[in-house]
Amino acid sequence: MKKLQLLLLFFILSSYASAQEKHAEPETLEPGAKAPDFNLKGIDGQMHSLSEYDDADVLAILFTCNHCPTAQAYEQRVIDLVNDYQDESFQLIGISSNAPDAISLSELGYTDLSDTYEEMKIRAEEMNYNFPYLYDGDDQAAALQYGPVATPHIFIFDKNRSLSYVGRLDASEKPGTANAEDARQAIDELLAGKEVSTPQTKTFGCSIKWGWKDEWVQKQLDAWAAEEVSIEPIGTEGIQQLIANDSDKLRLINVWATWCGPCVMEFPEFIEIDRMYRGRDFEFISISADKPDKQDKALAFLKKQEASNKNYIFNTDDKYALIEAIDPEWQGALPYTILVEPGGKIVYSQQGTIDPLEMKKAIVENQYIGRYY
């Protein structure tokens with residue numbers, strides 16, 4: 001019996017150690033290491049492996065992603081790098097290894113896109129990526145072998161696929177202040193048949209979102225669900241003050257009603273948008289066009305949506321007064337949405353349901369928000 005208990009204890013301890021090892025962040029490849037093989041789906045719908053690029057004397061593997069502000073800050077530099085070496089025996093591959101389910105909405109404040117495969121295709125098309133962009137977010141097999149610590153993180157290999165440089169593209173994140181000098185130096189030295197003079201540097205950016213580290217996502221959802229949801233009456237004067245926007249925040253205002261089917265259907269999109277950008281200079285405000293005596297019904301709906309943003313209900317039955325107070329250009333159909341800059345300039349208006357991606361893009365590319373630190 002004692003022997004059986006010892007065997008059981010050994011099995012439990014071994015299983016725990018194995019789980020810990022499985023969920024440990026991998027070590028970054030050291031200079032001199034051979035390039036691990038991979039088999040990843042590209043945005044072209046095809047599978048890609050290491051041997052596909054055997055003809056290149058220099059191979060760069062860049063771990064990057066859609067959502068990270070640092071990765072976005074380097075996008076054009078990567079495109080320029082590929083263009084500048086197009087006549088050389090050089091190949092760059094982009095790999096996105098973030099697990100989409102491990103990314104909280106609160107981490108998407110600098111982007112309109114997360115890191116799913118479909119969103120990778122959108123970003124690559126918008127930016128005219130001139131390099132293969134491969135998805136590794138399901139099992140993160142490539143990241144586990146290469147060990148990137150942040151996005152972007154570049155690994156540059158010689159003809160024999162020995163790691164010759166690993167680290168940053170350059171030392172300045174802000175677009176227009178650098179041109180991937182560290183990576184270019186390594187590439188130039190390898191193309192000239194020389195050893196890389198600086199084989200390793202540190203890199204700065206967003207951490208890799210490992211699939212087993214998704215507990216933060218649920219904790220964030222639980223925290224949002226626990227926030228207070230309220231609604232209060234507002235009149236034309238109050239609405240005019242909202243539109244005047246004397247705050248320092250970009251203000252998104254949605255007019256809706258519980259009896260409006262499209263309003264109810266799209267409202268969760270606004271909650272997602274609010275959770276993405278509320279940590280920036282941004283705020284979402286909803287105004288219910290329900291009758292004042294339906295305030296409890298409106299509040300019940302908002303609670304179900306976990307709408308802990310600022311919510312109002314128009315305090316009279318005069319819907320034409322509401323229309324004029326919101327925007328004289330509005331013809332009156334619900335839902336109606338406007339984006340107002342500080343100082344009261346309306347930079348976006350939509351009668352009817354919004355295109356969520358178009359809305360996010362309008363926010364993140366506005367001068368008061370932006371994609372970079």
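This note goes through some local features of the predicted model that a colleague may wish to inspect.

The model is predicted, and local features are taken at pLDDT of at least 70, side-chain atom pairs only at pLDDT 80 or more, while totals for chains, interfaces and linings use all residues. Residues are numbered from 1 along each chain as its sequence is written, and side-chain values use heavy atoms, with hydrogens and water left out.

1. Glu266 belongs to helix H8, residues 261-277 (helices are DSSP runs of H or I with at least four residues, strands runs of E with at least two, numbered from the N terminus). Glu266 is buried (under 20% relative accessible area with a 1.4 Å probe, protein chains only; exposed is over 50%, partly exposed in between). Glu266 has no salt bridge (a side-chain nitrogen of Lys or Arg within 4 Å of a carboxyl oxygen of Asp or Glu), and the nearest side chain of opposite charge, Lys360, is 12 Å away (Lys and Arg count as positive, Asp and Glu as negative; His and the chain ends are not counted).

2. Leaving aside residues up to four places away in sequence, Glu266 touches Asn254, Pro335, Thr337, Thr353 and Ile354 (contact means heavy atoms within 4.5 Å). Pro335 is joined to Leu334 by a cis peptide bond, with omega about -5°, and sits in the loop between helix H10 (319-326) and strand S14 (336-340).

3. Another cis peptide bond joins Thr151 and Pro152, with omega about 0°.

4. Asn128, although not a glycine, has a positive phi of about 55°, and it is exposed, with a relative accessible area of 59%.
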